[in-house]
Amino acid sequence: MFICRQFLQIGTIAFFLTGCASAPPSGSHPQDQTPPQRPSGGAPIRIGPAKPPAEPPAALTPGGQLRPEALAYARQLADERALPLDRVTAALADSRYNATVARLIAPSPPGRKIWRSWLTYRARFVEPKRIGWGVQFWQEHAALLNQAAQRYGVPASIIASIIGVETLYGRNMGNFRVLDALATLAFDYPDPNRPERADMFRGQLGDFITLALRGKLELEASGSYAGAIGMPQFMPGSIMRFAVDGDGDGHIDLTNSVADSVMSVGNFLVEHGWQRGLPVFAPVILPPDPSALASGGLEPTQTWSSLQAAGARLAPGASGNGWQDRPLGVVDLEEEARGTVQYRTATPNFFALTQYNRSYFYATAVADLAAALEQRMGR
């Protein structure tokens, strides 16, 4: 699943499940909050007998009690968020362990090599059907996309591209029960060597329960196997922090409202460093071997002066367009099996896209799909 140097961000489609509203490490987006401390201690609360579920409970013991760690978590969440403890415990008691979720997010078996392939990845997103649906989406929602572009400075093509990459323009938003997915990953994360991942999912579970108990989400909401929701596949933490009411109805609905989804994508990118008027990639011809210029990180580490000193030059007929005085980064897009790498010069807007999904492949695919949409739209 992890075909890039960086983890895919939760809330986005995983490489081998394109269009399936899947994900890992993001909705956009587990990096947007500090997870709560690991709870501990406390006596079990008896929930009462229940009919045997199709899947075992995620937070209960076989005897129908909250697991001690789940109870401690519930008490901490209720205290920190001023939520009724009985409703928090009831939500946790209703969650079910999902073996498919655990399997999809588990690390690859030892010894299994997954080759990074930018060309294969790109072909799954920048392809005729997705481009055609993207043009249709743009034409149908042109006024809304233009409004978002004016408000946030994020081009219509970029917003449309993200929604296309994430969920095929809302055609596949995931059919996993979010409560089950997040509880499974919060209390039984399949890689014991990554406790920080379980902590992160406990943070997302807390945000989901908070939103649900405050009437902003349904406890029965569906989404990706990592808990991402709606057309733009926002994680609960991103819904809480970055989603906006685009249609003015007083409620944020990323599953049914295109306006809420479009405006929320624009707001997320601006909040993560998108700069109005900058391209995603600078028109630069890099030196023959720019590998030493590529840091592999999610922050730009070069300047136009440093790139020029290393032998870079402006592409023929290109202009500055404001990027020459901004931080820049050299992006390496690897074709590992062939031993080849494609390099591009990225502006701060590229790195804003990597905050949506922490992957060079993802951010570049979004930019390339956006360019294809612009070409088809005659922009």
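My entries follow, grouped by topic.

**Entry 1: what I am looking at**

I am working from a predicted model. I kept that in mind with each value below.

**Entry 2: aromatic pairs**

I began with the rings, and the structure holds 17 aromatic pairs. I looked up W118 and Y121, which form a stacked pair with 6.4 Å from centre to centre and 25 degrees between the planes. Both residues sit in helix 4, residues 118–125, three residues apart, or about one turn of the helix. How accessible is W118? It has 2% relative accessibility and so counts as buried. Y121 is buried too, with a relative accessible area of 0%.

Next I turned to F350 and Y360. Their ring centres are 5.7 Å apart and their planes stand at 65 degrees, so I noted the pair as edge-to-face. The angle is over 60 degrees, which is the cut-off for that label. F350 belongs to helix 13 (residues 348–356) and Y360 to helix 14 (residues 360–377), so this pair ties together parts that are 10 residues apart in sequence. F350 is buried, at 0% relative accessible area. Y360 counts as buried as well, at 2% relative accessibility.

I also found one aromatic cluster made of F234, F242, F268, Y356 and Y362.

**Entry 3: charges over rings**

Which rings have a charged side chain over the face? I noted W115, with K113 over its face at 5.1 Å from the ring centre. I also noted F281, where R344 lies over the face at 5.0 Å from the ring centre.

**Entry 4: helix 14 and its ends**

Helix 14 had come up already, so I gave it an entry. It has 18 residues and reaches 26 Å from its first C-alpha to its last, close to the 26 Å expected at 1.5 Å a residue. Is helix 14 largely enclosed or largely open? I found 14 of its 18 residues buried, so helix 14 is largely enclosed by the rest of the structure.

What caps the N-terminal end of helix 14? The cap is S359, with a side-chain oxygen 3.1 Å from the backbone nitrogen of F361. The side chain of S359 also reaches the backbone nitrogen of Y362, at 3.0 Å. S359 itself lies in the loop between helix 13 and helix 14, and it counts as buried at 0% relative accessibility. After helix 14 comes G378, with a positive phi near 70 degrees.

**Entry 5: nonpolar cores**

I then asked how many residues the largest nonpolar core has. The answer is 102, and the residues with the most contacts inside it are L92, I158, F201, L205 and L269. Helix 14 gives this core its largest share, 12 residues.

Leaving aside neighbours within four places in sequence, I158 is in contact with L269, W274, V280, L353, V366, A367 and A370.

L168 is not a glycine, yet its phi is positive, about 55 degrees. Y169 has a positive phi near 60 degrees and is also a residue other than glycine. Where is L168 placed? I found it in the loop between helix 7 (156–167) and strand 1 (176–177), and Y169 is in the loop between helix 7 and strand 1 too. L168 is buried, with a relative accessible area of 14%. Y169 is buried at 8%.

**Entry 6: M231 and its surroundings**

My last stop was M231, in the loop between strand 2 (222–223) and helix 10 (236–242). This residue is buried, with a relative accessible area of 7%. What does M231 touch, not counting residues up to four places away in sequence? My list is I163, E166, T167, G170, M173, L254, T255, N256, S257, V258 and S261. I also checked M231 against N172: they are 59 residues apart in sequence and 8.1 Å apart in space, C-alpha to C-alpha.

Conventions
Residues are numbered from 1 along each chain as its sequence is written. This is a predicted model: local features need pLDDT of at least 70, side-chain atom pairs count only at pLDDT 80 or more; totals for chains, interfaces and linings use all residues. Side-chain values use heavy atoms; hydrogens and water are left out. Rings of Phe, Tyr and Trp (its six-membered ring) pair if their centres lie within 6.5 Å; planes under 30 degrees apart count as stacked, over 60 as edge-to-face and the rest as tilted. Helices (H or I, at least four residues) and strands (E, at least two) are DSSP runs, numbered from the N terminus. Buried means under 20% relative accessible area, exposed over 50%, partly exposed in between (1.4 Å probe, protein chains only). A charge sits over a ring if NZ of Lys or CZ of Arg is within 6 Å of the ring centre and within 35 degrees of the ring normal. The expected span of a helix is 1.5 Å times one less than its number of residues. A polar contact is a pair of N or O atoms within 3.5 Å; within protein, one must be able to donate a hydrogen and the other to accept it, and residues adjacent in sequence count only if both atoms are side-chain atoms. A nonpolar core is a set of buried Ala, Val, Leu, Ile, Met, Phe, Trp, Tyr and Cys residues joined through side-chain atoms within 4.5 Å. Contact means heavy atoms within 4.5 Å.
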